[in-house]
Amino acid sequence: MAKQESKTKKRKAGELYRNFIQLVLVGSITGIFAGAIVTLFNILAHEGELIAQNVYAYVRSNPAFIPLLFLALLGGAFLIGVAVNVSSIIRGCAIPQTEGATRGSVPLKWWRDLTLMFACSLLSIFMGLSIGAEGPSVLIGACTGDGVSSGLRRNQMIRKYQITGGACVGLAVASNAPLTGMAFAFEEAYKRLTPEVFICSATSVITGMLTKHGIYWLRGQEIATTFGNYIFHQLPIKAYGFVVLAGIACGLLGVAFYKLSFLMRKLFKKISVKNRQKLSHGLRIGVAVLFGGIVSLVAAGVMGGGHGLIESIGTKGGAISATTKTAFGLSLVWTLLIILLLKMLITTVNVGSGIPCGIFIPIIAIGACLGALLNTFWLRLGMDKAYCDLLVMICMAAFFTTVVKAPITSIVMICEFTGGFAHLLPVIIAVFIGYLIGEMFRTGGIYETLLEEYEQETNIRERVREVFTLTVERGALAEKREVRDILWPSGVRVTELVRGEEKILPEGDTVLHDGDVLTIVCKTDNPKKVREELESILG
């Protein structure tokens, strides 16, 4: 009897190891392909921003070319309008749809969605619009993971892990922040951590970042330091009052940004042609593109995702006016205020119109701009100028948290940007205040709310109720795991567990055993896909 139990344990351990080895292998392959494609996209996006800046600078100096510029913008808007009608998943912010894909609720056609997102995002950047590369990079990475999974013919469960790994690579490579990319999987995509998610996302991010470094090495280039214009000094406890005030300001502005984004969505929905939904999408994108062109023509600091804006605010530990250029012949304070308002306005217009865009870096740039604006007042109140750069980073984290409701990601991101954990306490304080203010005003995470609206608009939520009865097999992934620690398909609920002659109402901490018969309820539009995924979990 003891010998039989020993053999069973060894067999279970062997199956577990084989599963983990499989995750490492598919994660590595996903990371290589996603890292290469996303790196290429970001290199082209950077070049596109530089070209757009030169074009707009030339047009400002030669106003006779303004009609030609807007004619080109209309042409670009037409092409983007056609693309979003072919692939609805590329419409609007890319991250919400990616989160849905990682959970299995939003279907991907990886070759189509990848190609169109790649092309439309680059076109938008070349047109000088206020669009970041991080959001599109997340969707491009997810589509690459789905493509690799299709090529390797993995089951639905492994496919979800690969989509997640690709998405993490997209964010990690685009932001040059691997830990932030991994935090995305735990906090945004799945809202929880499991060993499988960690293994696949970590492996993908590691190989993706190594692939990026390899590509830059082959090009004879070094990867630029993130926000090289910033020098961070540890904040003394006596200066924490500025952190609290900054957290409050970021929280209030974050709530305003959230409300304005969904107000813009309501306003843009009024731009419609009766019974012509595709034409309506095109008109909305055309309006957004023309408005974005006007804003970029008026204020160069608003163009692009926001990397340049954030870099210009950095002081290298000096006075803020030393590196930040004024505009419109106004003072520094008024310049920062105008750029802040315009960046906020054009970003919410992009969200409302459905133009393929990334708002990850624009949101951070708005927070940075607010931090620089607040610093002008904090300096007058006696704050040492050496802390200006750190306060900008703290505002980035607090504003991002209020809008996205991802405090862990925000804290990890700032630790990576500042290069250490010495500033952890003030960042946590500001993030907590921003999150608390968002809760007080009952705002949700912008990505989560946008995903819900996308599912409603595309009728993904119109599902039928399916009931599955499945048995936990020996050596399955779910065996000896608590119900809450298993990555179930989207919409799944375990309603009953039969163990021998005993019927159990399962809870989150109920441990599953070999031979347990589960009754599983799920609302889905693809029962076959859900059954396949459940069988891969339960054996």
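How many nonpolar, polar and charged residues make up the lining of the largest cavity? The lining divides into seven nonpolar, no polar and three charged residues, where Ala, Val, Leu, Ile, Met, Phe, Trp, Tyr, Cys and Pro count as nonpolar, Asp, Glu, Lys and Arg as charged, and the others, Gly among them, as polar.

The views below show a predicted model, in which local features need pLDDT of at least 70 and side-chain atom pairs count only at pLDDT 80 or more, while totals for chains, interfaces and linings use all residues. Residues are numbered from 1 along each chain as its sequence is written, and side-chain values use heavy atoms, with hydrogens and water left out.

**View 1. The cavities of the model.** The structure holds two cavities of 30 Å³ or more, a cavity being a set of points, on a 1 Å grid over the protein atoms alone, where a 1.4 Å probe fits but cannot get out, and its lining residues being those with an atom within 4 Å of a point. Grid points are joined across faces, edges and corners, and a volume is the space filled by probe spheres set on the points. The largest cavity, with a volume of about 70 Å³, is lined by M157, Y161, E196, L477, A478, R481, D485, I486, L487 and I537. The second largest cavity has a volume of about 60 Å³, and its lining consists of I95, L171, F184, E188, F360, F400, V404, A406, T409 and Y447. The elements that give two or more residues to this second lining are α7 (178-189) and α14 (388-404), helices (H or I, at least four residues) and strands (E, at least two) being DSSP runs numbered from the N terminus. By class, the lining of the second largest cavity has eight nonpolar, one polar and one charged residues.

**View 2. The largest pocket and its lining.** About 900 Å³ of space lies in the largest pocket, a pocket being an open set of grid points with protein on both sides within 12 Å along at least five of seven lines. Of the 33 residues that line the largest pocket, N42, H46, Y216, A224 and H307 lie nearest its centre. Two or more lining residues come from each of α1 (2-61), α6 (156-175), α8 (195-218) and α11 (307-313), and α1 provides the largest share, nine residues. The lining of the largest pocket divides into 13 nonpolar, 13 polar and seven charged residues.

**View 3. Salt bridges around E457.** The model contains 14 salt bridges, each defined as a side-chain nitrogen of Lys or Arg within 4 Å of a carboxyl oxygen of Asp or Glu. R91 forms one of them with E457, the closest N and O atoms being 3.8 Å apart; R91 lies in the loop between α2 (66-86) and α3 (94-103) and E457 in helix α17 (residues 446-457), so that distant parts of the chain, 366 residues apart, are linked. E457 also forms a salt bridge with R265, with the closest N and O atoms 2.9 Å apart. Because E457 lies in helix α17 and R265 in helix α9 (residues 240-269), this pair ties together parts that are 192 residues apart in sequence. R91, at 14% relative accessibility, counts as buried, as does R265 with a relative accessible area of 12%, whereas E457, at 33%, counts as partly exposed; buried means under 20% relative accessible area, exposed over 50% and partly exposed in between (1.4 Å probe, protein chains only). R91, R265, K269, E453 and E457 are linked in a network of salt bridges.

**View 4. The D516–R499 salt bridge.** The side chains of D516 and R499 meet in a salt bridge (2.8 Å, N to O). D516 sits in the loop between β3 (502-504) and β4 (517-524) and R499 in strand β2 (residues 492-499), the two being 17 residues apart. D516 is buried, with a relative accessible area of 1%, whereas R499 is partly exposed, with a relative accessible area of 29%.

View 5. Helix α13 (residues 360-380) has 21 residues and reaches 31 Å from its first C-alpha to its last, close to the 30 Å expected at 1.5 Å a residue, the expected span being 1.5 Å times one less than the number of residues. Since 18 of its 21 residues are buried, α13 is largely enclosed by the rest of the structure. G382, whose phi is positive, near 105°, follows α13. I310, found in helix α11, counts as buried at 0% relative accessibility. The C-alpha atoms of I310 and A365 are separated by 5.8 Å, although these residues are 55 apart along the chain. Leaving aside neighbours within four places in sequence, I310 is in contact (heavy atoms within 4.5 Å) with F227, Y230, I364, A365, A368 and M396.
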